[in-house]
Amino acid sequence: MKNDRHPKPDVEAALKRAETAGLKVKRDQNGHRWGYVICCPCTAQTKVWSTPTSPGTEGKKIDEFTRKHSDCA
């Protein structure tokens, strides 16, 4: 894809923190879904929306997923 960055800065920053923690960020746009954050060892994943109602809340959701799965990675 041409641009793998998320358009919302709060969400993009959370995605970078997830990658730094060892989680996989996969761009797989389909409708309002931008992609996924995936924990490879336990295969858990969370959806990332391209047009979240609140970018700050979406970023916090990604950060919470990252905290829960940082021990797996």
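I count a contact when heavy atoms lie within 4.5 Å. The model is predicted, so I took local features only at pLDDT of at least 70 and side-chain atom pairs only at pLDDT 80 or more, while totals for chains, interfaces and linings use all residues. I number residues from 1 along each chain as its sequence is written, and side-chain values use heavy atoms, without hydrogens and water.

**T66**

I looked up T66 and found it in helix α2; helices are DSSP runs of H or I with at least four residues, strands are runs of E with at least two, and both are numbered from the N terminus. With a relative accessible area of 8%, T66 is buried. For burial I use under 20% relative accessible area as buried, over 50% as exposed and anything in between as partly exposed, with a 1.4 Å probe and protein chains only. Leaving out residues up to four places away in sequence, T66 touches R17, A18, A21 and L23.

**Helix α1**

I checked the length of α1, residues 9-20. At 1.5 Å a residue its 12 residues should span 16 Å, and the end C-alpha atoms are 16 Å apart, which agrees; the expected span is 1.5 Å times one less than the number of residues.

I then listed the buried residues of α1: V11, E12, A14, L15 and A18. Seen down the axis they fall within an arc of 160°, so they line one face of the helix; the arc is taken from the directions from the helix axis to the C-beta atoms. P9 and T20, on the other side of α1, are exposed. The cover over the buried residues includes β1 (24-30), β2 (33-38), β3 (45-49) and α2 (55-69). After α1 comes G22, with a positive phi near 100°.

**The sheet**

I traced an open sheet of 3 strands, ordered β1-β2-β3 with antiparallel pairing; two strands pair if DSSP finds at least two bridges between them. β1 and β3 are at the edges with a single partner strand each, so one side of each has no neighbour in the sheet. Neighbouring strands are turned by 25° against each other on average, direction ignored. β1 and β2 pair over 5 bridges, and the bridge partner of K26 in β2 is Y36. Helix α2 packs on the sheet, touching β2 and β3, and its direction makes about 165° with that of β3. Axes are lines fitted to C-alpha atoms, for helices over the stretch in contact, and angles run from 0 to 180 degrees between N-to-C directions.

**N3**

Last, I looked at N3, in the segment before α1. N3 counts as partly exposed at 47% relative accessibility.
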